[in-house]
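Open the model in your viewer and keep the selection tool at hand. The tour below goes stop by stop.

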Amino acid sequence: MTLNQHMRAASSDGGAARVPEFDAVVARFTEVVGPEWVLLDEGRVSEFRDPFEGPDATEHQPRFVVQPGTVEEVQAVVRIANELGVPLWTSSMGRNFGYGGSAPVVNGSVVLSLRRLNRVLEVDEAAGYVLFEPGVTFFDLYEELRRRDIKLAISVPDLGWGSVMGNALQHGFGYHQHGIHADAVCGLEVVLADGDLLRTGHGANPRSTLWQAHKRGFGPTIDNLFMQSNFGVVTKMGLWLAPRPEVITTGAIICEGDDDIVPLVEMLRPLVRNGTVQGLPLLAGTRYVPDDATGVAADLGRRLRKAARPGRWNARISMYGDARIVAAQQAVIEERVAEIPGAKLTLNTYPGDIGPDEIEVRDRVPAGIPSMLLLNVMKEHFYGDNLGHIDFSPIIPFEGQAAAKHERMVTSVLDEFELTGFFSWIVNSRTMVGACMVLFDRTSAEEVARAHAAVRKMCDLAAEWGWTEYRAHIALGDEIAKNFDFNDFALSRTYTKIKDALDPNGILSPGSHGIWPSPMRD
């Protein structure tokens, strides 16, 4: 299928007829970035598809990949795409696995990969911030701070290979202080759809030294417009980091009873809100499988027990800072845990500058040390290199009964579809974010389809309760957006107005998070 045909299939506005033939599009991009950085062959393009799509997938396929190496090249690529009506799908590192990776919503889009923009541009230890580009991974940033012995700590998600910027723009989470990564963002540089270059906040004042130190400039603050959206291409980001703590204490509250989730959540809630427990705790649940149970679900359940942390319920908690203060926090937590019959508390304390080879491997992530443990554990127990997963990530109330209700629903759907998955919640101050990974063999088209169907059913059931996903697979964006239907979808209509104003040709990641330009909305 030619690029023209892809575009005509995706849009009926007539604009697609302007798109020149494939060779002409490739030639224009090649003039900007050079032939090495226009990826055309199947071997190189395949990395930018959904890594878990299955062998027979035909939707969400990139046509080719263009990788600019400078901001000026990004501007030039965007201008060409805007001129020709070529849809671009922006990707930082493309490690958004479980949600589609680098795969586009619109078939035949050109992936705009920003991996080559991979510099840490500035670190200010005294002010506690870093300025960096999209291709910087959590491993990269951690190693840069460690190499220079900069006494700042980063918050990392479960897998450290992804883009720091991409994670923050997708409202991703880590577990250290500043674990809500989007809230730690301070200052963006953005290429708009016409190739214009924008800096937000104090970055708009070229004489200011406060771009990464103060979030608001003069007038409206628009940084959030470029998070979970398709209004621009972010090429620089400022991020606040925490001071390196004197000590890190991290570990788990372990409960064994099926009904312990309710008192565990209710005990944890005030400790999170008053700051006794710091960072973002991670709650996880794993069902016991009777020894005499048989069948697919029982086998999967036993393998999951081997891979998961101990206990029917496990709450990973952490504290950071002055050793005397952390000791006092730990004493309070010990008192509260003792109120739950049978609950156990296991904690380890490390110096704040602990390295990856000196810390218990499960404690790396809450200590701000990037890791690949979760992926390695999943591959060890499920499908090896054929492992795939699709994630179900609703926002639910920070209430014990809500957690129990959520867990019952997810496990019943998994049983219905003869699947298994890792089940956890990332704890915020007033809500919890489900982090449920439905596992499957990615080489089986039937099993891939079954996993997608299971997550769709979970989304539908959650929607009946007023819960919706904070982040979703690209194939679900329009469905999730339909949950926000107040006043005849006033929010979605407003997004379209902004899209039409900033990107009237709809060339930047069309369909991302259910956001479309007017001609493509239907």
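In which crossing, left-handed or right-handed, does helix 2 pass helix 4? Select both helices and look along the contact. The crossing of helix 2 past helix 4 is right-handed. Bear in mind that this is a predicted model.

**Stop 1: helix 2 and helix 4**

Helix 2 covers residues 22–33, and helix 4 covers residues 71–84. Their axes are 9 Å apart and meet at an angle of about 160°. An angle over 145 degrees counts as roughly antiparallel, so helix 2 and helix 4 are roughly antiparallel to each other.

Now show side chains. From helix 2, pick Val 25, Arg 28, Phe 29, Val 32 and Val 33. From helix 4, pick Glu 73, Ala 76, Val 77, Ile 80, Ala 81, Glu 83 and Leu 84. These residues make the contact. Colour the contact of helix 2 with helix 4 by residue class: 9 are nonpolar, none polar and 3 charged.

**Stop 2: Arg 63**

Select Arg 63. Its place is the loop between helix 3 (42–45) and strand 2 (64–66). Arg 63 has 25% relative accessibility, so it counts as partly exposed.

**Stop 3: aromatic pairs**

How many aromatic pairs does the structure hold? There are 11. Start with Phe 97 and Trp 161, an edge-to-face pair. The ring centres lie 5.1 Å apart, with 75° between the planes.

Phe 97 is in the loop between strand 3 (88–91) and strand 4 (110–113). Trp 161 is in the loop between strand 7 (152–153) and helix 6 (164–169). The pair therefore ties together parts that are 64 residues apart in sequence. Trp 161 is partly exposed, at a relative accessible area of 21%.

Ring pairs link Phe 52, Phe 97, Trp 161 and Phe 440 into a cluster.

Next, go to Phe 382 and Phe 422. The ring centres of Phe 382 and Phe 422 are 6.5 Å apart and the planes stand at 75°, so this pair is edge-to-face. Phe 382 sits in the loop between helix 10 (373–381) and strand 16 (387–392). Phe 422 belongs to strand 18 (residues 420–422). This pair ties together parts that are 40 residues apart in sequence. Are Phe 382 and Phe 422 buried or exposed? Both are buried.

**Stop 4: helix 11 and helix 12**

Select residues 400–416 for helix 11 and residues 445–464 for helix 12. The two pack at an angle of about 150°, and their axes are 10 Å apart. That angle makes helix 11 roughly antiparallel to helix 12. The crossing of helix 11 past helix 12 is right-handed.

Which residues meet here? Helix 11 brings Met 409, Val 410, Val 413, Leu 414 and Glu 416. Helix 12 brings Ala 454, Lys 457, Met 458, Leu 461 and Ala 462. The contact of helix 11 with helix 12 divides into 8 nonpolar, no polar and 2 charged residues.

**Stop 5: Phe 489**

Finish in helix 14, residues 486–502, which holds Phe 489. Phe 489 is partly exposed, with a relative accessible area of 29%. Leaving aside residues up to four places away in sequence, Phe 489 touches Ala 481, Lys 482 and Phe 484.

Notes:
Residues numbered from 1 in each chain as written. Predicted model: local features only at pLDDT ≥ 70, side-chain atom pairs only at ≥ 80, totals over all residues. Heavy atoms only, no water. Axes fitted to C-alpha atoms, helices over the stretch in contact; angles between N-to-C directions. Helix = DSSP H or I, 4+ residues; strand = E, 2+ residues; numbered from the N terminus. Parallel < 35°, antiparallel > 145°, perpendicular 65-115°, else oblique. Left-handed = near helix turned anticlockwise from the far one by under 90°. Contact = heavy atoms within 4.5 Å. Nonpolar A, V, L, I, M, F, W, Y, C, P; charged D, E, K, R; others polar. Phe/Tyr/Trp six-rings, centres within 6.5 Å; stacked < 30°, edge-to-face > 60°. Buried < 20%, exposed > 50% of the residue type's maximum accessible area, 1.4 Å probe, protein only.
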